[in-house]
Amino acid sequence: MTTGTPPHTLIIGAGLAGLALARELTRAGQHVTVLDKAHGVSGRSSTRRMETQPTGELARLDHGARFFTARTPRTLAMVQEGLTAGWLAEWTRRVPSWSAGRVSEEPDGHPRYVPPAGMSTLGKELAQGLTVTTGALVTRLQQHPGGWLAECQDGRQVTAEQLVLNMPAPQILPLLEGTVRELARLRDVTFAPCWAVGAVLTHDLNEVDWPALRILDHPALEWLAREHTKRPPGHPPALMLHARADWSQAHLNDERGAVLEALLAAAREVVGPFEVSGAFAHRWLYATPTQRFPGGYGWLREAALGWCGDWCSPDPHGPRVEAALLSGWQLSDALLSRD
Ligand SMILES: Cc1cc2nc3c(=O)[nH]c(=O)nc-3n(C[C@H](O)[C@H](O)[C@H](O)COP(=O)(O)OP(=O)(O)OC[C@H]3O[C@@H](n4cnc5c(N)ncnc54)[C@H](O)[C@@H]3O)c2cc1C
């Protein structure tokens, strides 16, 4: 590694943790490059746009993170920034539960935040001014005397003095197997999958006023949201459905079309009949960490290699948006205080 000039950091993954880290390092004047395999930034905090028929209006459905909460001063400051700038809004303080056919409310009163343009706005806002290349699937990582070399599927190569991995741990291991011994610790990190179905409706549901339901004892579904309640008035009525982890695991390799029909049928069992004008199914293979890494981030100084993400444990509140942000920020604090 060079001395005097700050190191060039390569971050694989433009999820919220990777972007939070990239932003802080960039603000401190460091040279940072971010690569992501997806078409856009923001990872699992993501929004699918669907053209509705016959009007051609655009519906926005959050098929990953549904909303986020903020408990720590740093996240609350980001929330305040977003509310003031107008890209963020408080969605709701109530999400009733559905159990055995009954909807019941136990108000917890805490604010749930969603950008009106969709959850992917979080990543887009963090990525402003950063050097991010999307559509870059990293297929090989190699140590070399000056640091690291990443090779993408299309043959592109990027070198940097230090490397940070923001993808889910199970996706890191195949890329680095046999290079750095300490990575064996990541083998204990596990994830549960989630099937998600988004549907644009011909009409909103009848006689309901809740924004979403947490579904407690349905064999397939655990979440149903009226997505349009997150959006500016006039947005087409739309539902987002998330399947339970055990159901998703049991149906992991089912055809998309079969999953779509099964989850729409499950939703009709919960809310009654509705008509769909367009729908999609998305499988998250690594949706929710079930066993996390015991630390807010990882940093192996000798190897100039680190990792961050919601699968680390920067706080006790579980693997969510805020955990991803905190993990990225904790790693940036560690890297900046070292220099
Ligand atoms: C269905 C679902 C519902 C959720 N609901 C909520 C919720 O209501 N509230 C909440 O707070 N959180 C929720 N979450 C969790 C939240 O989305 C995550 O905690 C957060 O987005 C994780 O961010 P991250 O930076 O850790 O990782 P990720 O978002 O997973 O980012 C990793 C990035 O790495 C990229 N990548 C992976 N492999 C490669 C490669 N080889 N080359 C290049 N790039 C690569 C991926 O494309 C991705 O962009 C939900 C998640 C899901 C899936």
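Biologist: What makes S10 and strand S11 (residues 147-152) a pair, and in which sense do they run?

Modeller: The model is a predicted one. Two strands count as paired if at least two bridges are found between them. S10 and S11 have 6 bridges and run in the antiparallel sense, so the pair meets the criterion of at least two bridges. One of the links joins histidine 144 to its bridge partner in S11, glycine 147.

Biologist: Which strands make up the sheet that holds this pair, and in what order?

Modeller: The order is S10-S11-S12, an open sheet of 3 strands with antiparallel pairing.

Biologist: Why are some of these strands called edge strands?

Modeller: The name applies to strand S10 (138-144) and strand S12 (157-160), since each pairs on one side only. From one strand to the next, the twist averages 20 degrees.

Biologist: What is the order of the open sheet of 7 strands, and what is its pairing?

Modeller: That open sheet runs S7-S6-S15-S16-S17-S14-S18, and its pairing is mixed. Its edge strands are strand S7 (102-104) and S18, each of which pairs on one side only. Here the twist averages 20 degrees from one strand to the next.

Biologist: How do you know that strand S6 (residues 97-99) is paired with S7?

Modeller: There are 3 bridges between S6 and S7, which run antiparallel. At least two bridges are required, so the two strands qualify as a pair. Serine 97, for example, has serine 104 of S7 as its bridge partner.

Biologist: How do you know that the span of helix H2 (residues 73-85) agrees with its number of residues?

Modeller: The 13 residues of H2 should span 18 Å at 1.5 Å a residue, and the end C-alpha atoms are 18 Å apart, so the two values agree. Just after H2 comes glycine 86, with a positive phi of about 95 degrees.

Biologist: Which domains does the assignment give, and which residues belong to each?

Modeller: The domain assignment of the chain gives domain 1 (1-42 + 122-188 + 292-339) and domain 2 (44-118 + 190-291). Their C-alpha centres lie 28 Å apart. The contact takes 22 residues from domain 1 and 19 residues from domain 2.

Biologist: Which helix gives the most to the side of domain 1 that touches domain 2?

Modeller: H7 gives the most, with 5 residues. Helix H3 (120-127), helix H4 (169-176) and H7 each supply at least two residues of that side. By class, the residues of this side of domain 1 are 10 nonpolar, 5 polar and 7 charged.

Biologist: Why is the ligand shell said to lie between the domains?

Modeller: Domain 1 and domain 2 both give residues to the shell around the ligand, so it lies between them.

Biologist: Which residues come nearest to the ligand, and which elements supply the shell?

Modeller: Gly13, Gly15, Gly43, Gly309 and Arg320 come nearest, out of the 37 residues around the ligand. Helix H1 (16-27), strand S14 (190-201), strand S18 (276-291) and helix H7 (321-338) each supply at least two residues of the shell. The largest share, 3 residues, comes from H1. By class, the shell has 21 nonpolar, 10 polar and 6 charged residues.

Notes. Residues numbered from 1 in each chain as written. Predicted model: local features only at pLDDT ≥ 70, side-chain atom pairs only at ≥ 80, totals over all residues. Helix = DSSP H or I, 4+ residues; strand = E, 2+ residues; numbered from the N terminus. Expected span 1.5 Å × (residues − 1). Near = placed C-beta within 6 Å. Nonpolar A, V, L, I, M, F, W, Y, C, P; charged D, E, K, R; others polar. Domains from an automatic or database assignment. Axes fitted to C-alpha atoms, helices over the stretch in contact; angles between N-to-C directions. Contact = placed C-beta atoms within 7 Å.
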